[in-house]
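Good morning, everyone, and thank you for making the time.

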Amino acid sequence: MDFVEEKKLPLNKLISVCTDGAPCMLGKHKGFITLLRQHEKRCILNFHCILHQEALCAQMCGDQLTEVMGLVIRVVNFIVARALNDRQFKALLDEFGSNYPGLLLHNNVRWLSRGKVLSRFAACLNEIRAFLKMKNAEHPELSDTEWLLMFYYLVDITEHLNQLNVKMQGIGNTVLSLQQAVFSFEKKLEIFIRDIETGRLLHFEKLREFRDACKTGDPALWGFS
């Protein structure tokens, strides 16, 4: 409680605590909430952060999509986490006339980073293939139609989840507004399902563009060898 005393926080005004549900916060004997209640000698309400719940649900995307994301992260780490590769890849982007300065590293702590990583990966896919080929580190999945269908679906659905995440952040949101955002997204999911089933893909821009490119019979459009 040193921090509380140092900042002179009025704990008598504390009604509830929102946590990420971790054991260190909710432990029956040594968890933060338990110790706080013992210190205050009164009941303090505890809630699981709605943003954290949304992030946990979003991560339950099935084995296939998890494997897709795993490969993306491995490729990004191979390029960005090594200084020489990072410099060479940026030089390649410049040579290709790309609008992007490089790739983005994925941060497991920040859910929004996943969407940004996927979007940048999709935008630089041709350059990534060329760079991996130059490094003799090719991944055949990056030119496989089935894998790419799942990849572009993941790009689009993650963008929708990011929009929900951003909507629920910031000052001024109430419990009711957060609840309404979640309920609205649940309705959107029903629309997304019908969109996929009918094949219209009105809400899946990248997936639709890839499908249409495949129909043209011009694989070079997507950097296929």
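**Aromatic pairs and a helix contact**

The structure holds seven aromatic pairs, where rings of Phe, Tyr and Trp (its six-membered ring) pair if their centres lie within 6.5 Å, and planes under 30 degrees apart count as stacked, over 60 as edge-to-face and the rest as tilted. In one of them, Trp147 and Phe151, the ring centres are 5.4 Å apart and the planes at 10°, so this pair is stacked. Please keep in mind that this is a predicted model, in which local features need pLDDT of at least 70 and side-chain atom pairs count only at pLDDT 80 or more, while totals for chains, interfaces and linings use all residues. Residues are numbered from 1 along each chain as its sequence is written, and side-chain values use heavy atoms, with hydrogens and water left out.

Both Trp147 and Phe151 sit in helix H9 (residues 145-167), four residues apart, about one turn of the helix; helices here are DSSP runs of H or I, at least four residues, numbered from the N terminus. Trp147 has 7% relative accessibility and therefore counts as buried, which means under 20% relative accessible area, and Phe151, at 0%, counts as buried too.

Ring pairs also link Phe121, Trp147, Phe151, Tyr152 and Phe210 into a cluster.

How do H9 and H11 run relative to each other, roughly parallel or roughly antiparallel? Their axes, lines fitted to C-alpha atoms over the stretch in contact, with angles from 0 to 180 degrees between N-to-C directions, come within 7 Å and cross at roughly 155°. H9 and H11 are therefore roughly antiparallel, a label for angles over 145 degrees, with those under 35 counting as roughly parallel.

Terms used: Helices (H or I, at least four residues) and strands (E, at least two) are DSSP runs, numbered from the N terminus. Buried means under 20% relative accessible area, exposed over 50%, partly exposed in between (1.4 Å probe, protein chains only). Angles under 35 degrees count as roughly parallel, over 145 as roughly antiparallel, 65 to 115 as roughly perpendicular and the rest as oblique.
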